[in-house]
Amino acid sequence: MPAACRFCAAPLTTVFADLGMSPIANDYLTPEQANAMEPFYPLRALVCASCFLVQLEDYSRAEALFADDYAYFSSYSTSWLAHSERYVEAMTERFGLSASSKVVELASNDGYLLQYFVARGVPVLGIEPAASVAQAAQLKGVPTVQRFFGVETASDLVGEAAADLLLGNNVLAHVPDLNDFVGGMRVLLKPDGVITMEFPHLMRLIADNQWDTIYHEHFSYLSLVTVQRVFAAHGLRLFDVEELPTHGGSLRIFGCHAASLRSESAAVDALAERERAAGLEDLAVYAAYGQRVVAEKRDILEFLIALKRDGQRIVGYGAPAKGNTLLNYCGIGTDFVEYTCDLNPHKQDHVLPGTHIPIVSPDRLRTDRPDIVFILPWNLKDEIIEQLAFVREWGGRFVARTPDIQLFS
Ligand SMILES: [Zn+2]
């Protein structure tokens, strides 16, 4: 029996992209763990022929994904912090947020964003399931509740934390129970409150071949038209949308209660029309995508093999989830990439899941002087090339997907 769509429950029978068997992308291993068995799960995205939600099949361990040692601290990316600060400025002004407002963030991580509302005197609450980052947020003065979000959590918190602004960045795509999550937002939102959510745009994933953004923590791959359907099913509607450059092309949607008097911006219909023109409501467009993924795997391997045959030493930069998808799907281990560098001390001295490529401090680059630095978080390519400009001192070069894999001198 086929799996059921996590939104509309229709049977899922069409494959969008099959990336084989893969370990959990954020399961960085200690050197001791690297000698034990390691679980691999199917990494296969399907598309619903009824609502066009692209989604991963259910597999065994959703709750464990956000375990206490969850290693991603949002505050380690300087460009992401700057993006968040600009967002806080813009929302404070547009919606007149003040000391009498309440801002609630879902999956508030280490308080990377809410800290800017705190600095402006706007009361906040973070809701974050992972203990390590929730504690880090508390330490920097960002009130945070350590819980998963859904209807039950919203009902418990609505008395003290009904939201004028309810936001979530890169969380909507990550929730296993999409209906419970969006239903919870409806409960927690004040009658005239505003929801903003950012998520990678499925239209960009297809157009720019960003298949490496498919990984187990990322359950849904969202278009505007699909999110409109999901919100409508829960008594919410979208009144504005912005396209952002983050994560290779994201949407920021603005939602409110269906009964709210907020007028709808022309941007919503305009983008929905562009999505339809791009084939996002045509099952054949989704069904054809998988062959592009297979073709690019061959291109990436050919590219790296040519560099190795030329005697080049290749190391990686970054240890993002998308890097783990790429390395595991392409079968790239230390035979191609000797190690990868990451600023996050929680990842250093571990190895990447599956490939077991060691993660080291970026300081290693200066002493080691590799020929090629393969930038795995391609969405941060410009920022990283700037940080690593010193690599050029010894003639080192950079490689990144944009979307085709290429060299940058
Ligand atoms: Zn569906």
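Helices α10 and α11 are roughly perpendicular to each other. Their axes cross at an angle of about 85° and lie 10 Å apart. This picture comes from a predicted model.

**Helix α10 against helix α11**

- Helix α10 covers residues 289-309, and helix α11 covers residues 321-330.
- An angle from 65 to 115 degrees counts as roughly perpendicular, so the pair α10 and α11 falls in that class.
- On the α10 side, the contact is made by Val293, Val294, Lys297, Ile300 and Leu301.
- On the α11 side, Leu326, Tyr329 and Cys330 take part.
- Seven of these contact residues are nonpolar, one is charged and none is polar.

**Helix α7 against helix α8**

- Helix α7 spans residues 224-233, and helix α8 spans residues 266-277.
- The two pack at an angle of about 120°, with axes 8 Å apart.
- That angle makes α7 oblique to α8.
- Leu224, Val225 and Gln228 are the α7 residues in this contact.
- They meet Val268, Leu271, Ala272, Glu275 and Arg276 of α8.
- The contact residues here divide into five nonpolar, one polar and two charged.

- Cys8 and Cys51 link distant parts of the chain, 43 residues apart.
- Cys8 sits in the segment before β1 (14-22), while Cys51 sits in the loop between β2 (41-47) and β3 (54-56).
- Cys8 is partly exposed, at 30% relative accessible area.
- Cys51 is buried, at 3% relative accessibility.

**Backbone features**

- Thr402 and Pro403 are joined by a cis peptide bond, with omega about 0°.
- Pro403 belongs to the loop between β16 (397-401) and β17 (405-408).
- His356 has a positive phi, near 55°, although the residue is not glycine.
- The loop between β13 (337-341) and β14 (359-360) holds His356.
- His356 is partly exposed, with a relative accessibility of 24%.
- Arg369 also has a positive phi, near 50°, and is a residue other than glycine.
- Arg369 is placed in the loop between α12 (364-368) and β15 (372-375).
- Arg369 has a relative accessible area of 46% and is partly exposed.

- Glu38 lies in the loop between β1 and β2.
- Its relative accessible area is 21%, so Glu38 counts as partly exposed.
- Setting aside residues up to four places away in sequence, Glu38 touches Pro23, Leu29, Pro353, Gly354 and His356.
- Glu38 and Pro23 are 15 residues apart in sequence, and their C-alpha atoms are 7.3 Å apart.

- Asp18 is part of strand β1.
- Asp18 is partly exposed, at 43% relative accessible area.
- Apart from residues up to four places away in sequence, Asp18 touches Leu43, Arg44 and Tyr329.
- Tyr329 is also one of the α11 residues in the contact with α10.
- Asp18 and Met91 are 73 residues apart along the chain, and 39 Å separates their C-alpha atoms.

- Asn170 is found in the loop between β7 (163-169) and α5 (178-188).
- Its relative accessible area is 17%, and buried means under 20%, so Asn170 counts as buried.
- Leaving out neighbours within four places in sequence, Asn170 is in contact with Trp80, Glu198, Phe199, Pro200 and His247.

How values were computed:
Residues are numbered from 1 along each chain as its sequence is written. This is a predicted model: local features need pLDDT of at least 70, side-chain atom pairs count only at pLDDT 80 or more; totals for chains, interfaces and linings use all residues. Side-chain values use heavy atoms; hydrogens and water are left out. Axes are lines fitted to C-alpha atoms, for helices over the stretch in contact, and angles run from 0 to 180 degrees between N-to-C directions. Helices (H or I, at least four residues) and strands (E, at least two) are DSSP runs, numbered from the N terminus. Angles under 35 degrees count as roughly parallel, over 145 as roughly antiparallel, 65 to 115 as roughly perpendicular and the rest as oblique. Contact means heavy atoms within 4.5 Å. Ala, Val, Leu, Ile, Met, Phe, Trp, Tyr, Cys and Pro count as nonpolar, Asp, Glu, Lys and Arg as charged, and the others, Gly among them, as polar. Buried means under 20% relative accessible area, exposed over 50%, partly exposed in between (1.4 Å probe, protein chains only).
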